[in-house]
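Subject: Handover of a structure and its findings

Dear colleague,

I am handing over to you the structure shown below. Please look through it first, and then read the notes that follow.

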Amino acid sequence: MEDILARFDVKALRSAVIVGLVAYFASLIVALVLVMLAAAGVGMAGTGSPSGTAQPVLGGSVPSLWPAVFPLAVQLVSMGMLAMLHASMDVLGLVHGSVSIFAVPLLLTVVSLSALFFGSLAARRRNPVGAGKGVWAQAVITGIVFTVLVNTFSAIFGLAIPIPGVQGLSFSAVDFGSFVLVFVLAAATALAGWTHPWSHRWQSHPIAVLARRALLTAGVYLGLFSLITIPVSVVVLGIKFGWAAVMWAPLWAPSAALYLFGLGQLSSIGVTWTAGSLVPSSGPGSSSSYVSAPGLDQVGVPAWAGWLLVLLALVSVLAASILWYLRRGSVDRHSITGWLPLPLTFLATGIIVTWLSTVSGSTEISSTRGSAGIALASWTPLLMLLWGALAEASSRLGAPLALSILPARAVALLAGQRTAPAGTAAADTAPANVPTIPGAEVSPGIFPPASASPLSQRTTQADVPREQPEYPVIPPRKPLTPRTKRRVALIGGASAAVVVLIVAGFTTVNLIKGANGPDKVVQSYLQALQDGDAQKALAISDPNIPNERRVLLTNQVFGQARNRLDGFTVLGTDVKDNNATVHAELRQAGSKANVDYQLSKVAPDLLNDHWKLAPTPVGSFGIATDSSIGTITVNGVDVSLGAQPTSGFGSSYTFPAFPGTYTIGLPGSEKYLTTDGGTATVNIGNSQQNQIPGVVTLTTRPSDAFRTEVQAQVTKLLNQCAASTSLLPTGCPFGTYSFYPVRNIKWAITTMPTVLIGNGGNGQWSISSNQNGKATVSGEKNLGFGNSPDWQPNTQEYSFSFYGTATLHNDQISVTLN
């Protein structure tokens, strides 16, 4: 203890504290920038395109990230140090549960560790401390400060996610495990910075030297692969999903590179989930699915893209093997242990890559548990072990051959020297800091000095041990003539151009096909439904409905519908051979429905698979009327009903229609009827989910014109009755009789009755007199007997009423009096 205190000084303590503070706040600032970029990307997804434009997780109505920028940045710093997010919750105040999420934002991991390392290194140079326990103390202090800041900020600024009915759902990466883990990582990184440059004893130890070079080789292998895949994936997804994907790239691209790296190793990406059951008798459930590089077409990615990843892995392993050959030092070809360092390092790299690329979550509600995750397959490290063996074999067999065609400057760089010494024939002289095979020129350095005598640089067969030759052994390089150099440059340039053209061609074909993929077809169809463009929707997917029944599937009617599709999100696409299924979530007036769309290729060619959406069922609604109507209005457009089927009392009709709310009424040309109208709503997904369509009943009433016409026809009929010369006119509501003979009978209606229209149905209404009418009959009656007639004038007045029916057919009214 006294020795530690003796080595300990306040100035060094202050430096260690400052390193922890600066490293944390530097990481937090970077996290804030990344989250603000992501928030801006989400905003662009929500406003930069029409509402509902489908993009995975970004389509439709997109919530704003701005209120959660700082809490999310704080939690991302914790997650970057491999901490796990936790949250507890109460569902409806009845059920308690918890949620855990593990994901590593790798860019923030690099930022945090780099800040700790270089901060400690800078502090070491400004405030040198003694070796040994004093350095350990500085590293421990830096680790404590960093982990306290990480966990304190994470606890204070929890990431609250509002969900209706759920209370207390606030994520934070704080527990004892995160405190210890962050401390260990921070202290170890700070220790590396405080002790750099490391002691000569550590640097010169054979195992340490070999391990450091093996790690460098594995890092170059992974780095070279990622250097290609990260920008390519950002460009491809940026074209597919827009600027939102590009602005999110710092958060997702490094992890995506690890997944692609795993596919390039011929491993698989696995998606798994497990769930308990609330019903004990039903038991738990689980599912696992894997996709490999050759099987990428199962998820809508061309299979050749997977083989390109494998090819990139082979190129990367060749480059790594050349580096390993130049850096590893001497090796005993007959010792099996000489094969172990690089494969074991690749194995360890595979374990780390598999762990860091894992995204998983778990929930526990009451006694029910569930989990889900996406990660590289568990056998990825074993495959990395085999790739390490391949790199070792390539370093022994392929690397020496590759060195003979590589430029000397490139070999010098790989060997650890930036440039050749002055006077070196860099283009034609092989680097050789060790003896070469017989006949090759050697020198003490990578390049021989210009004044060196060729004879002094030659090595005889006896000078090179047969059993354990020194490494690297550089094959002899003959000086190239200018003509040969031009040919090599021409061939190399042409080869590079061919490779670029092939890659660009494959990428272009993929992008063009992606722009016309099955999800794009469904997006266009759903966008047409959202815009009210029935003509475009029918052109994309014909519902197989007779033309005479498509009266509502027009732009004039559908374009005026209310409550059409509010938005949509394409959830995923399953592609198998020439068929595809696109899963989409539709939104309408606050409700949601998941719908699957089936597509197939039609005459695919190089640049376009020509995906065709299968006939998609549309919804429908019914209209029932209590009278025979020839024409109605739907959204203000006249619709003829002449070809529609009728049944039962009145008339009923069924109309195929796209999702939306339709207003039903009578046209302005309808003279004799009126109605309050009605509305019919076709809900999203109703045809796919076999829902019974709604029915709108149009209850009609006689209009004033109807009453006027009926009154006129009743008056006409009564006047016809009054023209009769019979005491009892046929079919008339008035009449009388006499026991005496009568003559010169005349009727006259003195008070015309008014009409009362009663109940109606099926185009007929009952009518009756609302106020009795009065009629007089005049004439002569014979009061005499026998041959002595006595004709006397006679006039009588009668009060009469009537009833009958008024029938409306083909816009014509006919009245019948009973």
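Contact here means that heavy atoms lie within 4.5 Å of each other. Please keep in mind throughout that this is a predicted model.

**A sheet and its strands**

Four strands, in the order β24-β25-β28-β29, make up an open sheet with antiparallel pairing. Its edges are formed by β24 (754-761) and β29 (812-817), each of which pairs on one side only. On average, neighbouring strands of this sheet are turned by 30° against each other, direction ignored.

The pairing of β24 with strand β25 (residues 764-771) is antiparallel and runs over 6 bridges. G761 is found opposite Q764 in β25. Across β24, β25, β28 (803-809) and β29 lies helix α20 (residues 704-722), which runs at about 45° to β29.

**The nonpolar cores**

The largest nonpolar core contains 77 residues, and I767 is one of those with the most contacts inside it, together with L526, F621, I632, F658 and Y662. Which residues is I767 in contact with, leaving aside its neighbours within four places in sequence? They are V710, V714, V755, L756, I757, F802, Y803, G804, T805, A806, V815 and L817. Another core, of 45 residues, lies apart from the largest one, and its members include L28, L116, I141 and A186.

**Helix α12 and S395**

Helix α12 (residues 380-397) consists of 18 residues. From its first C-alpha to its last it reaches 25 Å, close to the 26 Å expected at 1.5 Å a residue. The buried residues of α12 are T380, P381, L383, M384, W387, G388, A391, E392, A393, S394, S395 and R396. Among the elements that cover them are α8 (206-241), α9 (243-264), α10 (303-327), α11 (341-356), β9 (368-376) and α13 (399-403).

Why does S395 count as buried? Its relative accessibility is 2%, and buried means under 20%; therefore S395 counts as buried. A polar atom of the side chain of S395 lies 2.5 Å from the backbone oxygen of E392. Not counting residues up to four places away in sequence, S395 touches S321, W324, Y325 and P400.

Yours sincerely,
A colleague

Key
Residues are numbered from 1 along each chain as its sequence is written. This is a predicted model: local features need pLDDT of at least 70, side-chain atom pairs count only at pLDDT 80 or more; totals for chains, interfaces and linings use all residues. Side-chain values use heavy atoms; hydrogens and water are left out. Two strands pair if DSSP finds at least two bridges between them. Helices (H or I, at least four residues) and strands (E, at least two) are DSSP runs, numbered from the N terminus. Axes are lines fitted to C-alpha atoms, for helices over the stretch in contact, and angles run from 0 to 180 degrees between N-to-C directions. The expected span of a helix is 1.5 Å times one less than its number of residues. Buried means under 20% relative accessible area, exposed over 50%, partly exposed in between (1.4 Å probe, protein chains only). A nonpolar core is a set of buried Ala, Val, Leu, Ile, Met, Phe, Trp, Tyr and Cys residues joined through side-chain atoms within 4.5 Å. A polar contact is a pair of N or O atoms within 3.5 Å; within protein, one must be able to donate a hydrogen and the other to accept it, and residues adjacent in sequence count only if both atoms are side-chain atoms.
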